[in-house]
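Work through the exercises below with the sequence and the 3D structure at hand. Try each task before reading its solution.

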Amino acid sequence: MTTVRVVGTGLLGTSIGMALSAKGFRVQLHDTSPTSVALARDLGAGEVGDDPADVVVVATPPDVAASVVAQQLRDQPDAVVTDVASVKQTVLEELREAVGGDALARYVGSHPMAGRERSGAVAARADLFEGRTWVLCPHETTADRARASIDEIARAAGASVVTMPAAEHDLAVAAVSHLPQVAASLVAARLRDLPDDAVGLAGPGVRDVTRIAASDPLLWTQILAGNAANLLPVLDAVADDLDRVRSAVRAICEGENAATGARGVLAQTIADGQTGHARLPGKHGAPPTAYASVIVVLPDRPRQLAQLFADVGDAGINLEDLRIEHAVGAQVGLAELMVLPAALEPLQEALTAAGWRLHS
Ligand SMILES: NC(=O)C1=CN([C@@H]2O[C@H](COP(=O)(O)OP(=O)(O)OC[C@H]3O[C@@H](n4cnc5c(N)ncnc54)[C@H](O)[C@@H]3O)[C@@H](O)[C@H]2O)C=CC1
Ligand SMILES: O=C(O)C(=O)Cc1ccc(O)cc1
C-alpha cells in the first residue's frame, strides 16, 4: 500500500487526504498546527503518523513551500515529493539553490486547478478535485518515477492531468486565475460603502463576478507577489482597456457627437468579452457547451427543491448545472436548471406537467 505524507492540512491538504484515503492510500498528516492535524484526522483525511513515505504532498502556503519541500526531500530519502502551491517557478528556483541534483530529481511541482474561496481543514471536500485539471510541472531532471507517482496521486483524487513547464504554467495562471482574483476583489471593494438598499439589489451577475473576493488575503498576497513578473503585463493590458472604456464613458457624459465612436468602444468591449468567455472549457475540460436553461419558480416552503429534483429525475433528464436565486423579502426563490439543448423541451414539458411555474 502506498504511504502518502501530507504536509499542511488546510483546505488543499485535507481535501487531498480525504480523496486519497477514500481510494485506499495510507495517508499520514503533518502540520505546524496540531489543531489542524487533529481536525483533518477527524474529517477522515488520514492518520497521525511518522512512517517513511512513498510520496509527500506539501500543501503549505506558497512562501514556505520550497523550504518545506527541501526539508522533506532530506528527511524522506526515498520519497517522491510534490507541492501544490499556486505558483511554480519561484518554488523551483528556491529548490535549485537548496537541494542537490539527486534530491531534486525526486521533486515534481504540481498545481490542482481546484480550490475554494475558503481556507482551512473545515472547508475541505473529498470531491474537490473531481473532474478538475491538475497541472504537473516537471523540470529537466525530474525522474520518470517522480512524474508517474504524482500523476497517479492526481488521477486517484479524481483530476485529469496536464503537463507543462513551470514558466508556462505561471504565465497561464496570471490570466486565468490571478487576474480574476484581482478583478473580483476590485469589483467587490466597490460595494463596501454602498447603502444597504443598493446592495440589496444585487443579483446573480455581481455574485458570479465576486465569489472569489471572499478569498484569504494572506494566501493571495503570496500568490500575486510570487507571480508578479507575469501578472504585470496582464494588468497593464487591462489598465489600457479600462482607460479606453473610461474615455468613452467620459465622452458620452460630455455629450460628444456620435462621430467620436464612444459607443463603438463600449460595444467592442462587451463583444471582446463574449469572445473570451466562449473559449472557457465546459465540464471536465470538455469543449465549451452552451447549456439551455429553465428558470423554475420555487415556493418558499420546505421540500420544494427535493420535489423539483425528483420530478427532473423522474423525467430521466440529466442536470448539467444549477443556480439558486433568493430575492430579498420575496416569498419565492428561482432555480435555474441547466441542461443540454436537446433536453430543454422534454424538461419544460415534464415540469409543466408536474405543476411547476417556469420562465425561460
Ligand atoms: N486555496 C485554494 O483554493 C488553492 C490553494 N492552492 C495552494 O495550496 C496551498 C495550500 O493552500 P490552502 O490549503 O488554501 O491553505 P490553508 O491556509 O487552508 O492551509 C495551509 C496549512 O499549512 C499549514 N502550514 C503553514 N506553514 C507550515 C509549515 N511550515 N509546515 C507545515 N504546515 C504548515 C497551516 O497551518 C495550514 O493548516 C497553497 O500553496 C496554495 O497556493 C492550490 C490550489 C487551490
Ligand atoms: O474558487 C475557485 O474557483 C478557484 O479558482 C480557487 C483556486 C484558488 C487558487 C488556485 O491556485 C486555484 C484555484
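This is a predicted model: local features need pLDDT of at least 70, side-chain atom pairs count only at pLDDT 80 or more; totals for chains, interfaces and linings use all residues.

Residues are numbered from 1 along each chain as its sequence is written, and chains are lettered from A and ligands numbered from 1 in the order in which they are written.

**Exercise 1. Helix α2**

Task: Find which residues of helix α2 (residues 34–42) are buried.

Solution. 
Step 1. Helices are DSSP runs of H or I with at least four residues, strands are runs of E with at least two, and both are numbered from the N terminus.
Step 2. A residue is buried if 20 or more other C-beta atoms lie within 10 Å of its own, exposed if 12 or fewer, and partly exposed in between, with C-beta atoms placed from the backbone.
Step 3. In α2 the buried residues are S36, V37, L39 and A40. They lie on the same side of α2 because they cover an arc of only 165° around the axis; the arc is that of the directions from the helix axis to the C-beta atoms.
Step 4. P34, T35 and D42 are exposed, on the face turned away from the buried side.
Step 5. α1 (11–22) and β2 (26–30) are what the buried residues of α2 pack against, a contact being two C-beta atoms, placed from the backbone, within 7 Å.

**Exercise 2. Strands β3 and β4**

Task: In which sense do strand β3 (residues 55–58) and β4 pair, parallel or antiparallel?

Solution. 
Step 1. Two strands pair if DSSP finds at least two bridges between them.
Step 2. β3 and β4 have 4 bridges, in the parallel sense.
Step 3. V55 stands opposite V80 in β4.
Step 4. From β3 the chain passes through helix α3 (residues 62–75) to β4, a right-handed β-α-β crossover. Right-handed means that, with the strands pointing away from the viewer, the path from the first strand over the helix to the second runs clockwise.
Step 5. In β4 (residues 80–83), V80 and T82 point one way, V81 and D83 the other, and all are buried.

**Exercise 3. Ligand 1**

Task: Find how many residues surround ligand 1.

Solution. 
Step 1. Count residues whose C-beta atom, placed from the backbone, lies within 6 Å of the ligand.
Step 2. The count is 29, and the closest are G8, G10, L12, S86 and G115.
Step 3. α3 gives the most to this shell, with 4 residues.
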